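Dear colleague,

I am passing the structure below on to you, and my notes on it follow. Please read them with the model open beside you.

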Amino acid sequence: MVLPEESRKADYDSLEIQYLKGVKYLFENGIEHVPKKYILPASDRPNFVNERSHGADNFNLELPIIDFAELQGPNRSEVLNSLASACENYGFFQLLNHGIPYEITSNVVDVSKRFFELPFSEREKYMSADMGSPVRYGTSYNQTNDDVFCWRDFLKLVCHPLPDALPHWPSSPLDFRKLAVSYAKEVKFLFLMLVDAILESLGLMNKKNKTEENDEDEDEDKNKEEDEDEEILKEFEDGSQLMVLNCYPPCPQPDLTLGMPPHSDYGFLTLLLQDEVKGLQIQHKENWVTVKPIPGSFVVNVGDHLEIFSNGTFKSVLHRVLVNQMNYRISVASLHCLPFKSIVQPCPKLVSETNPRHYMDTNFASFIEYLKSRDSTKENFLHSRKLTS
Ligand SMILES: O=C(O)CCC(=O)C(=O)O
Ligand SMILES: [Fe+2]
């Protein structure tokens with residue numbers, strides 16, 4: 001049946017104001033044009049034209065690759081150098097041979113897809129404006145502050161402490177909790193192994209290698225440093241973990257909008273699983289470049305807290321997400337931080353006369369304050385933490 005022009009227009013207008021239901025809802029209801037709420041100013045739009053005319057290859061980036069299995073073997077020190085160089089020069093790397101069985105990673109992507117396929121009435125149950133909620137379904141990036149919305153729906157799950165959070169997680173699909181929990185546990189363990197390597201690559205882990213010849217004073221200093229290093233690791237064990245399932249439905253006009261605006265990640269490290277659909281772009285040498293997905297690998301990136309902790313040696317790099325006309329894209333990000341009550345500051349051992357402190361102290365409360373302020377639409381959080389002198 002062909003609707004008369006007027007009634008089609010009325011339908012369209014009502015879809016325009018339904019953006020709080022998310023982009024999957026818009027797409028399923030047959031939206032043919034991107035509503036005004038999603039249209040970015042011309043200067044912020046993705047530059048597909050440039051990409052087409054210069055050849056897509058100039059805009060595809062092979063990130064440095066870190067082989068996790070090699071990191072555990074006799075070549076550890078070389079791999080640590082590559083790790084440090086990736087964190088300094090790209091802020092990103094791809095992690096291969098990470099040891100998490102393929103079944104576990106593919107299951108979590110699959111169950112995320114199935115969650116977003118549930119009817120809106122089911123997904124809507126998890127909508128909440130409370131940032132501290134153990135489960136939060138929503139749309140766009142920061143939907144209370146975004147002037148222009150982005151083309152993404154998400155489900156955020158607090159993973160720590162798990163026994164408190166779990167009963168709030170979706171009970172549908174039926175295997176959702178089981179698959180998401182086993183993934184969250186594996187990824188937390190991998191994160192801790194990566195932190196150990198990252199601290200070592202910053203010259204911070206003093207491995208126990210006492211010898212008979214060491215004099216007692218030296219031993220005592222070394223023991224103290226070892227204890228401090230062990231303490232940092234222990235703090236990370238108790239740290240917070242947030243899992244974000246992202247769904248980017250096909251978009252009728254992908255050159256007018258973005259799946260996620262340019263941002264850096266709050267936290268220490270993010271481990272991202274993406275399906276085979278391209279979309280993630282990082283800022284590298286002043287260009288936006290697309291990260292080629294490698295099946296079964298993780299894209300790992302330095303978060304704001306690691307840049308602060310390393311006193312600026314490692315970089316928390318801006319990234320964004322493009323959408324496309326044809327395919328749904330699913331990604332699962334696992335964001336790891338110190339416990340919420342902890343203060344994040346440059347590691348004292350990385351501050352010196354020649355490399356003074358570059359960042360002020362920060363904690364979770366200061367981040368929440370920032371998110372609620374209008375500044376969050378103008379200035380990057382990390383930037384707001386920089387000391388200017
Ligand atoms: O979907 C992606 O590729 C990136 C997601 C992301 O940047 C995030 O969740 O912070
Ligand atoms: Fe991100």
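Strand β4 (residues 135-139) runs antiparallel to β5 and is joined to it by five bridges, where helices (H or I, at least four residues) and strands (E, at least two) are DSSP runs numbered from the N terminus, and two strands are said to pair if DSSP finds at least two bridges between them. Within this pairing, Tyr 137 has Leu 155 of β5 as its bridge partner. This is a predicted model, in which local features need pLDDT of at least 70 and side-chain atom pairs count only at pLDDT 80 or more, while totals for chains, interfaces and linings use all residues. Residues are numbered from 1 along each chain as its sequence is written, and chains are lettered from A and ligands numbered from 1 in the order in which they are written.

β5 is also joined to β6, by six bridges and again in the antiparallel sense, with Val 158 facing its bridge partner Leu 242 in β6. β5 is mostly covered, since six of its six residues are buried; a residue counts as buried if 20 or more other C-beta atoms lie within 10 Å of its own, as exposed if 12 or fewer do, and as partly exposed in between, with C-beta atoms placed from the backbone. Asp 153, Leu 155 and Leu 157 point one way from β5, whereas Phe 154, Lys 156 and Val 158 point the other way.

β5 (153-158) returns in the surroundings of helix α6, as one of the elements against which the buried residues of α6 pack, and these elements also include α9 (176-201) and β6 (240-248). The buried residues of α6 are Thr 105, Val 108, Val 111, Ser 112, Phe 115 and Phe 116. They lie on the same side of α6 because they cover an arc of only 140° around the axis, the arc being that of the directions from the helix axis to the C-beta atoms. On the other side of α6, Tyr 102 and Glu 103 are exposed. As for its length, the 15 residues of α6 (residues 102-116) should span 21 Å at 1.5 Å a residue, and the end C-alpha atoms are 22 Å apart, which agrees; the expected span is 1.5 Å times one less than the number of residues.

A separate point concerns an open sheet of five strands with mixed pairing, in the order β1-β10-β9-β12-β7. Its edge strands are β1 (60-61) and β7 (260-263), each of which pairs on one side only. β1 and β10 (residues 287-291) are parallel and share two bridges, while β9 (residues 280-284) and β10 are antiparallel and share four. β9 and β10 form a hairpin with two residues between them, and Lys 285 in the turn has a positive phi of about 50°.

Which residues, finally, lie around ligand 1? Among them are Val 244, Asn 246, Met 260, Asp 265, His 319 and Ser 331, where a residue is near a molecule if its C-beta atom, placed from the backbone, lies within 6 Å of it. The elements that give two or more residues to this shell are β6, β8, β12 (319-321) and β13.

With regards

Note on methods: Two residues are in contact if their C-beta atoms, placed from the backbone, lie within 7 Å.
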